[in-house]
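Try each task before reading its solution.

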Amino acid sequence: MDETKRTAKAHSISLKERKSMTLTGVSEIISFDESCVSLDVSDHQLNIYGSSLHIDSFSNDSGDVAVSGIIDSIVYSGKTQASYRKGILKRLFSYDEQ
C-alpha cells in the first residue's frame, strides 16, 4: 500500500495592533465568519476570534494567510478534525502487513 504522509509545516504569526494578522504555514482554512477564523497549522487547529474578521488573502501553495478586523484572541486547539478523521479511517480500513 502506497501511503503519502502529510508533514507538518512550521508556522509563524505576525499581529499588528490587533487589526491585521499574517500567518505562514497554514495547511487549510477550516471555516470562517465575521467572528471566528479556524485554520489548520502544523496539524493543530488555530482559532482567531474577534469582530468584523475578513480573510484578505490565502495562498494554498505557500500557506500564507492575511486576516484583518478586530482581533480579540488567538487560541490553539489539539489535533484538527481532518487529522482525527484520517486517524479513524486509517484504523478502520488498514490491514496488518505480515
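A strand here is a DSSP run of E with at least two residues, and strands are numbered from the N terminus. Please keep in mind that this is a predicted model.

**Exercise 1.** Find the strand that holds Ser-38, and work out how strand S4 pairs with strand S3.

*Solution.* Start with the residue: Ser-38 belongs to strand S4. Strand S4 covers residues 36-41 and pairs with strand S3, residues 26-32, in the antiparallel sense over five bridges. Next, follow the chain from S3 to S4: a hairpin of three residues links them.

**Exercise 2.** Decide whether Ser-38 is buried or exposed, then list its surroundings.

*Solution.* The relative accessible area of Ser-38 is 5%. Buried means under 20%, so Ser-38 counts as buried. Leaving out residues up to four places away in sequence, Ser-38 touches Glu-28, Ile-29, Ile-30 and Ser-31, as well as Gln-45, Leu-46 and Asn-47. With Asn-47 there is also a polar contact, side chain to side chain, at 2.7 Å.

**Exercise 3.** Which residues make the nonpolar surface patch, and which strands supply them?

*Solution.* Ile-13, Leu-15, Ile-74 and Tyr-76 make the patch, which has an area of about 330 Å². Strand S1 (12-16) and strand S6 (64-79) each supply at least two of the patch residues. Now take one member, Tyr-76, which lies in strand S6. Its relative accessible area is 44%, so Tyr-76 is partly exposed.

Note on methods:
Residues numbered from 1 in each chain as written. Predicted model: local features only at pLDDT ≥ 70, side-chain atom pairs only at ≥ 80, totals over all residues. Heavy atoms only, no water. Pairing = 2+ DSSP bridges. Helix = DSSP H or I, 4+ residues; strand = E, 2+ residues; numbered from the N terminus. Buried < 20%, exposed > 50% of the residue type's maximum accessible area, 1.4 Å probe, protein only. Polar contact = N/O pair within 3.5 Å; in protein donor to acceptor, adjacent residues only side chain to side chain. Contact = heavy atoms within 4.5 Å. Patch = residues over 30% accessible without salt bridge, like charges linked within 9 Å, V, L, I, M, F, W, Y side chains within 5 Å. Areas by Shrake-Rupley, 256 points an atom, 1.4 Å probe, with all protein chains shown as cover. Salt bridge = Lys/Arg side-chain N within 4 Å of Asp/Glu carboxyl O.
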